[in-house]
There are 2 protein chains.
Amino acid sequence: MQAARLHETGGPDKVRLEDVSAPEAGAGETIVRVHAAALNHRDVFITRGLYPNIVLPRTLGADCCGEAGGAEVVVDPTIGWGGDERVWKPDATILGVPLDGTFAEFVVVPQENVHSKPEHLSVEEAAALPLGGVTAYRAMFVRGKLQAGETVLITGVGGGVQTFALLYAKAAGARTVVTSSRDGKLERAKALGADVAINYATTPDWHKAVKAAVGAVDLAIDSAGGDSFAKALSVVRPGGRAVTYGGTSGDTSLKMFPIFWHQLSIFGTSMGSPADFKAMLAFVSQHRIKPIVDRVYELSEIKSAMQRMDDALQFGKIVLRIPQ
Amino acid sequence: MQAARLHETGGPDKVRLEDVSAPEAGAGETIVRVHAAALNHRDVFITRGLYPNIVLPRTLGADCCGEAGGAEVVVDPTIGWGGDERVWKPDATILGVPLDGTFAEFVVVPQENVHSKPEHLSVEEAAALPLGGVTAYRAMFVRGKLQAGETVLITGVGGGVQTFALLYAKAAGARTVVTSSRDGKLERAKALGADVAINYATTPDWHKAVKAAVGAVDLAIDSAGGDSFAKALSVVRPGGRAVTYGGTSGDTSLKMFPIFWHQLSIFGTSMGSPADFKAMLAFVSQHRIKPIVDRVYELSEIKSAMQRMDDALQFGKIVLRIPQ
């Protein structure tokens, strides 16, 4: 079968399309015939060696929609979360390094990770859902406990998780403030219902602009860390919450006084549990949420697809169509 | 009546004992005849101008045990918390600047802040309870959600809040790790049931010593901030919690990766709500917890009492006996 594989780190350019034998299912496992897959930053980070636990060569990819047992399915990409809702087991992992992933004609996964595709979604939309969808769900609702009527700040809108967060927030009846360094992404976010959109590149004191626009937010979610997280935290109302699900801009210097004096809560989150994944599917189906598909590439165009993500040009999810 | 008052900031030496007229109760207020009062770091910080909202001259003091309406009472020192359990109202305050406090023969407080003294406590023990007791209760149980069988790290044991935290943790069936820069305080903490005691001054890598002793902790509570909070957070297990209730050592540089990857939670806390205060009194009564009284001074010795706190020599609460 065709698969997009990585033999050595060094960037997206190192990914190769090759012919490998199709996987076989062991006990308790299912073979999914992949119809479409989607990219995550994780895939690019792995090509650069910027991820724990890299074992090569492997087929990349965490997300997919496909067919198993005659049904259209999506796959929960978190393998072996374990029984603790608070955190995954130390040996849990995500599809696509160190396990062979979804950028291939077939992928083998534990049976319990296979779920029916939400009926209202196309194959491409469903492929875009799993990792970003569950990460945003856990960040917004399980950790962030977003309520109807609250205001949420989503930094760096345009990435997969952030775009899901925006869609979820609207569906949950929350007001949204988004930031990006690109006006085009801010326009897209507004078209999707963002109430306030601020360019953090042209407005370095964007936290002051947030305060001027909405006073304060009940919840802030951020995956940049560094200065971005510190500024996001500074606009959280007393008694409010901030969620971090990444730290691409580095470590953060935090002022302790506002944290204890204003009784703030900071929640770290990553991926989601099996229960989170099921709750996410139910929420997406109930509210008929459609993942934003940025662009669809053929599997053979994998390098261009990864380059687009690496250049941060996308708004929503980048999808790969897998040859049948 | 006699009262220990501050007319200008400049340190504990600026506190003066003087004769002032006794307060009168307005609508919904109660006069408490103070039998004993207790010091908090807040009182020392105020003499230095290191606290928000300082209005002078005022009588210092947040804690007391006394008599009202013929009954022995303790006073909830948080005035006007409001209806939100998550955080106090912006205009809420603590007894003793900007309201006249408890280092006096009489203090006037809202009726609902007056509670029966726990029967098993002496007047001095009960005076030691309110602010430190409720701060520790909220930090450990309301924010930190400590459970029986868990392990909790308490940094800087010896202060009032930390000592309550140690007593509460033991009563709740938790294992405790404590730190201090003074061996004498560590010995006292061990005598009170601390399972592991580490001198952070002689062991600068004390977080490694914590790991070596207990692996990881479920909950860490810290009021130093800075390097202390960062090290405390580094020993929290995946899915675990850290509580900050102060930042005397300054701001903290936080590594974002472990926060989101290990799904940590960080909770800021300060004082406690009326519900927290009642729950604290019930917990203290149920477990017959006795606040640790470091030393009892006469009101006339207020400067020596404050100096002892300023020198961080105390273990537990410093109490003032008020002349009758």
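This is a predicted model: local features need pLDDT of at least 70, side-chain atom pairs count only at pLDDT 80 or more; totals for chains, interfaces and linings use all residues.

Guide: Strands of a sheet pair through backbone hydrogen bonds, and the sense can be parallel or antiparallel.

Another strand of chain B, β6 (residues 71-75), holds Val73(B). Is Val73(B) buried or exposed? Val73(B) counts as buried because 22 other C-beta atoms lie within 10 Å, and the cut-off for buried is 20 or more. Val73(B) and Lys117(B) are 44 residues apart along the chain, yet 4.5 Å separates their C-alpha atoms. Lys117(B) is also among the contacts of Val73(B) once neighbours within four places in sequence are left aside; the others are Val32(B), Gly66(B), Glu67(B), Ala68(B), Val114(B), His115(B) and Ser116(B).

Now the setting of the chain contact. Chain A has ten helices and 19 strands. Its C-alpha atoms fill a box of roughly 60 × 35 × 35 Å along the principal axes. Among chain A contacts between residues at least 6 apart in sequence, 68% join residues at least 24 apart.

Chain A is divided into domain 1 (2-129 + 291-321) and domain 2 (134-268). The C-alpha centres of these two domains of chain A lie 27 Å apart. Where they touch, domain 1 of chain A supplies seven residues and domain 2 of chain A supplies six. On the domain 1 side of that contact in chain A there are three nonpolar, three polar and one charged residues.

Helix α3 of chain A, residues 130-143, is mostly covered, with 13 of its 14 residues buried. Lys145(A) follows α3(A) and has a positive phi, near 50 degrees. The largest nonpolar core has 202 residues, and Ala165(A) and Ala165(B) touch the most other members. Neighbours within four places in sequence aside, Ala165(B) is in contact with Ala136(B), Ala139(B), Met140(B), Ile154(B) and Ile221(B).

That leaves the place where the chains meet. How many residues of chain A are in contact with chain B? There are 30 from chain A, in contact with 30 residues of chain B. Four elements of chain A each supply at least two residues of its side: β15 (236-244), β16 (252-254), α8 (256-261) and β17 (265-268). The largest share, five residues, comes from α8(A). By class, the chain A side has 13 nonpolar, 13 polar and four charged residues.

At this contact, β17 takes part in pairing between the chains. β17(A) and β17(B), the latter being residues 265-268 of chain B, pair in the antiparallel sense over three bridges. Ile266(A) has Ile266(B) as its bridge partner, while Phe267(A) stands opposite Ser265(B). Within chain A, β17(A) also pairs with β15(A), here in the parallel sense and over four bridges. In that pairing, Gly268(A) of β17(A) has Thr244(A) opposite.

In a regular strand the side chains alternate between the two faces of the sheet. For β17(A), both faces are covered. Ser265(A) and Phe267(A) are on one side, Ile266(A) and Gly268(A) are on the other, and all of them are buried. To sum up this strand, β17(A) pairs in the parallel sense with β15(A) and in the antiparallel sense with β17(B).

How values were computed
Residues are numbered from 1 along each chain as its sequence is written. Chains are lettered from A and ligands numbered from 1 in the order in which they are written. Two residues are in contact if their C-beta atoms, placed from the backbone, lie within 7 Å. Ala, Val, Leu, Ile, Met, Phe, Trp, Tyr, Cys and Pro count as nonpolar, Asp, Glu, Lys and Arg as charged, and the others, Gly among them, as polar. Two strands pair if DSSP finds at least two bridges between them. Domain bounds come from an automatic or database domain assignment. A residue is buried if 20 or more other C-beta atoms lie within 10 Å of its own, exposed if 12 or fewer, and partly exposed in between; C-beta atoms are placed from the backbone. A nonpolar core is a set of buried Ala, Val, Leu, Ile, Met, Phe, Trp, Tyr and Cys residues joined through C-beta atoms within 7 Å.
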